[in-house]
Amino acid sequence: MSQSLATPIPVTLLTGFLGAGKTTLLNHLLATAGERIVVIENEFGPVNIDSDLLIRETAELVEMTNGCLCCTIRGDLSRHLHALHERKRSGELAFERVVIETTGLADPTPIAQTFFGDPKLADAYALDAVITMVDALHGAKQLDEQAVAGKQVGFADRLLISKADLADAEALDALAERLASINSEAAQYRLEHGKIGCELLFGVRGFHLDEDILRRGAAGPLNFRPAGTRSFGDDIAALHLHHDGPLDLGRISDFMRQLVESHGDALLRYKGVLAVAEEARRLVFQGVHRINGFDYGREWGQGEAPASDIVLIGHRLPQEEIRAGFAACVAG
Ligand SMILES: Nc1nc2c(ncn2[C@@H]2O[C@H](COP(=O)(O)OP(=O)(O)OP(=O)(O)O)[C@@H](O)[C@H]2O)c(=O)[nH]1
């Protein structure tokens, strides 16, 4: 499948704690994907052991060592991405997708921000999805002990529970419920030895601004787990704001501005589809920390009751205060 250069190259960011099964999944994707993939692989340490485990023939492999993508070598990532784009443009290297496999210790946020901060990269590439793997056996303990594991879950568009063959159904259900309390937006799948259809992970459009922005994963995925009401005491949690009817545009704009001003550092991701008084179209938005975008989407159709929904995924958000602020935005 050839791709015009005017079309941004989709990028999949694969994250997950140490040993969660990222390389196993990557091998499966490389063996089954019907497109040419460049893998950017980052290991912490001078020798990139994982690259030996990848099936090399199916992909170009860019190795980055001696530092973590999210901190010390982020500039290298930009350089590699620019260079790859140039090689594609010149016809030297043909590929349709980039997959970045991070170290288990990486915070995905700054890596994702690379694609929004540099206008040339933003034109050349489109971040398609953040896919986070969580180990069925060790995931809960890692969430208890490692703050970055919570960030990886909170930032995800897809949550893959790996090693489902090693855990019993009760443990899998408990982990799934906890993951949904941290991130109610990401569709969940349970995997054995990295086996999953590429179509469930590629073409997610997780950072795309349109009216389907909420629950993108909800259209028929396997093992999807809706958010429960139980709290697991995690520092990162999802907060869903809902109103059956229109909001006042001025008040909701002020509310969102203040929310980002006061809590931008704590907000990992946020998305919304809003009904606004005296406006036929949906107002849609999404953001990552302080970077966000708003746009008008499709009109509310006949028989559709305009309603407003916002999902905030953040670190220790003052939930009651935010709920009260949102309630004050109701029109009328
Ligand atoms: N039983 C079982 N083992 C698995 C599964 N997925 C991965 N493994 C094993 O778990 C170990 C770690 O898997 P990797 O794919 O290397 O994990 P990783 O996330 O790339 O690891 P790091 O790069 O060290 O963070 C390997 O021994 C895999 O064979 C699974 O679904 N079931």
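Guide: Happy to. One cut-off to begin with: a residue is near a molecule if its C-beta atom, placed from the backbone, lies within 6 Å of it. Please keep in mind that this is a predicted model. By that cut-off, the ligand is surrounded by 18 residues, and the closest are Gly21, Lys22, Thr23, Thr24 and Gly104. Helix α1, spanning residues 22–32, contributes the most to this shell, with 3 residues.

Now to the meeting place itself. The protein chain is divided into domain 1, residues 9–218, and domain 2, residues 236–327. Between them, 18 residues of domain 1 are in contact with 21 residues of domain 2. On the domain 1 side, the elements that give two or more residues are α4 (108–117), α7 (147–154) and α8 (169–182). Of these, α4 gives the most, with 4 residues. The residues on this side of domain 1 divide into 7 nonpolar, 7 polar and 4 charged.

The buried residues of α7 are Ala149, Gly150, Lys151, Gln152, Val153 and Gly154.

An unreviewed UniProt entry lists residues 236–330 as "domain: CobW C-terminal". In the model, that span is 43% strand and 25% helix, and its end C-alpha atoms lie 27 Å apart.

Finally, a word on how much confidence the predictor places in all this. The protein chain averages a pLDDT of 84, and 83% of the residues score at least 70. Two stretches call for caution. Over residues 44–50 the pLDDT is below 50, although this stretch has 15 contacts in the model beyond near neighbours in sequence. Residues 52–58 also have a pLDDT below 50, and that stretch has 12 contacts beyond near neighbours in sequence. For the complex, the predictor gives an ipTM of 0.98 and a pTM of 0.88.

Terms used:
Residues numbered from 1 in each chain as written. Predicted model: local features only at pLDDT ≥ 70, side-chain atom pairs only at ≥ 80, totals over all residues. UniProt positions renumbered as here; feature names shortened; annotations may be inferred. Domains from an automatic or database assignment. Contact = placed C-beta atoms within 7 Å. Nonpolar A, V, L, I, M, F, W, Y, C, P; charged D, E, K, R; others polar. pLDDT = per-residue confidence, 0-100. Buried ≥ 20, exposed ≤ 12 C-beta atoms within 10 Å, placed from the backbone.
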